[in-house]
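Dear colleague,

Please find the structure below, handed over for your own work.

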Amino acid sequence: MVKGLYTAYTGMVQEQRRLDVLANNLANSTTVGYKKEGATSRSFKDELALRIKDTERPGVRGIGNIKLGVKVGETYTDYADGSTKVTDDKSDMAIAGDGFFAIEFTDKNQNPSVKYTRNGEFEVDADGYLVTVDGDHVLNQQAALAGTTGEEGYVRVDPMLPFVVDRTGAITQDGDQVGDIGIVDFEDRDYLYKYGENLYDLEDGGQTIAGTGTIEQGALEMSNVNIAYEMVNMIAIQRAYDAGQKMIQTEDTTLEMAVSQVGSVS
C-alpha cells in the first residue's frame with residue numbers, strides 16, 4: 001500500500017512538471033521565433049521483490065519484479081518552423097528552414113558574447129547598424145560562423161537608403177552588396193540550450209556550421225506553439241494528476257482501515 005502512495009506521488013510530480021512546461025509554451029505562444037518545449041518521462045529501474053521470514057519456506061526467495069513509478073526525464077525543444085507573419089517592415093527577417101541569427105549579446109556586466117535566436121525583429125539604428133529591439137548587434141556570416149564579437153562583425157547599412165536582403169542573407173543598396181546577415185546552425189543541437197530572453201547559447205563542445213535556411217525580408221517567424229493542441233494536453237495532464245490524487249486518497253483510506261480496524265477485537 002505504501003508503494004502505491006509512492007507510485008501515485010511520482011506520477012503527480014511528473015504531471016506537474018509537464019504542466020509547467022506546457023504553461024510556459026502557452027505564455028510564449030505570441031513570442032516571435034519561440035520554439036516550444038516538451039518533457040519526457042522515465043521509469044525507475046525495476047526491483048526484485050523478496051519474501052523473507054517465511055516460516056513455511058525458510059530462506060529468501062524472489063517473488064517477482066515490482067515497478068517504482070515514474071520520474072522526470074529530460075526537457076527537449078521542438079525546432080520545427082513556426083508560421084510566417086508578413087509585416088512589410090524591411091528590417092524584419094524570418095528564417096525558413098534550419099538556421100539561427102547570431103547576435104552580439106552584452107550582459108549586465110558589459111561582457112559581450114555570441115548568442116543565437118530565431119527572432120528576426122530587427123531595426124536600423126541612427127548609425128546604420130542592424131540591431132535587435134534590445135540594441136544588440138546582428139552579426140555577419142563570417143563573425144557568426146567564427147563565433148567572434150567586435151565591430152568588424154556588425155551588419156551595417158546606409159540608414160538614409162533603402163536596402164534589400166535576398167534569400168541567402170546578402171544585403172544590397174543601390175545595386176551594390178554592402179554586407180550580409182549571418183545564418184548558422186549546429187552539428188548537434190543537444191549542445192544548444194535556452195539562455196533566456198528568447199536567446200540560445202552554445203555549450204562547450206558544440207560545433208557551428210552554416211545554416212541551410214533562407215531569409216524572407218519584411219516578415220517574422222512566429223512561435224511554433226499550437227494553442228489548441230496545448231490546451232488538449234492541459235486537459236489530459238489535469239485528468240492524470242487528478243487520478244493520482246484520487247489514488248493517494250484511496251490508499252490513505254485503506255491504510256487507515258488497516259490500522260484502526262484490522263485485528264481489532266469486538
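A residue is called buried here if its relative accessible area is under 20%, exposed if it is over 50%, and partly exposed in between, with a 1.4 Å probe and protein chains only. By this criterion, 35% of the 266 residues in the protein are buried. The model is a predicted one, in which local features need pLDDT of at least 70 and side-chain atom pairs count only at pLDDT 80 or more, while totals for chains, interfaces and linings use all residues. Residues are numbered from 1 along each chain as its sequence is written, and side-chain values use heavy atoms, with hydrogens and water left out.

Overall composition

The protein has three helices and 20 strands; these are DSSP runs numbered from the N terminus, with helices being H or I of at least four residues and strands E of at least two. Its accessible surface comes to about 15,600 Å², and carbon and sulfur atoms account for 50% of that area. The areas come from the Shrake-Rupley method with a 1.4 Å probe, and for residues only the protein chains shown count as cover. Of the contacts between residues at least 6 apart in sequence, 67% join residues at least 24 apart, a contact meaning heavy atoms within 4.5 Å.

Helix 1

Helix 1 covers residues 2-27, and its 26 residues should span 38 Å at 1.5 Å a residue; the end C-alpha atoms are 38 Å apart, which agrees. The expected span is 1.5 Å times one less than the number of residues. Buried positions in this helix include Gly4, Ala8, Met12, Val21 and Leu22, and the polar residues Thr10, Gln14, Glu15 and Asn25 are buried there as well.

Aromatic pairs

A pair of aromatic rings is described by the distance of the centres and the angle of the planes. Rings of Phe, Tyr and Trp (its six-membered ring) pair if their centres lie within 6.5 Å, and planes under 30 degrees apart count as stacked, over 60 as edge-to-face and the rest as tilted. A search of the whole structure finds eight such pairs. In one of them, the ring centres of Tyr79 and Tyr200 are 6.1 Å apart with the planes at 45 degrees, so the pair is tilted. The two residues are 121 residues apart in the chain: Tyr79 is in the loop between strand 4 (70-77) and strand 5 (84-86), and Tyr200 is in strand 17. Both Tyr79 and Tyr200 are buried.

Tyr200 also pairs with Phe100, with ring centres 5.6 Å apart and planes at 70 degrees, so this pair is edge-to-face. Phe100 belongs to strand 7 (residues 100-106), 100 residues away from Tyr200, and both residues are buried. Ring pairs link Tyr79, Phe100, Tyr116, Phe186 and Tyr200 into a cluster.

Two strands pair if DSSP finds at least two bridges between them. Strand 6 (residues 93-96) and strand 19 are antiparallel over four bridges, with Ala96 having Thr214 as its bridge partner in strand 19. Strand 19 (residues 214-217) has a covered face, formed by Ile215 and Gln217, and an uncovered one, formed by Thr214 and Glu216. In a regular strand the side chains alternate between the two faces of the sheet.

An open sheet of three strands has the order 12-13-14 and antiparallel pairing. Its edge strands, each pairing on one side only, are strand 12 (164-165) and strand 14 (176-180). Strand 13 (residues 170-173) pairs with strand 14 over four bridges, and Thr172 stands opposite Gln177.

Individual residues

Thr208 is in strand 18 (residues 208-210) and is buried, with a relative accessible area of 15%. Leaving aside residues up to four places away in sequence, Thr208 touches Tyr116, Ala144, Leu145, Val184, Asp185, Phe186 and Leu202. Its C-alpha atom is 8.8 Å from that of Asp188, 20 residues away along the chain.

Glu197 lies in the loop between strand 16 (192-196) and strand 17 (199-202). Its phi is near 60 degrees, a positive value in a residue other than glycine, and Glu197 is exposed, with a relative accessible area of 56%. Asn198, in the loop between strand 16 and strand 17, has a positive phi of about 65 degrees although it is not a glycine.

With kind regards
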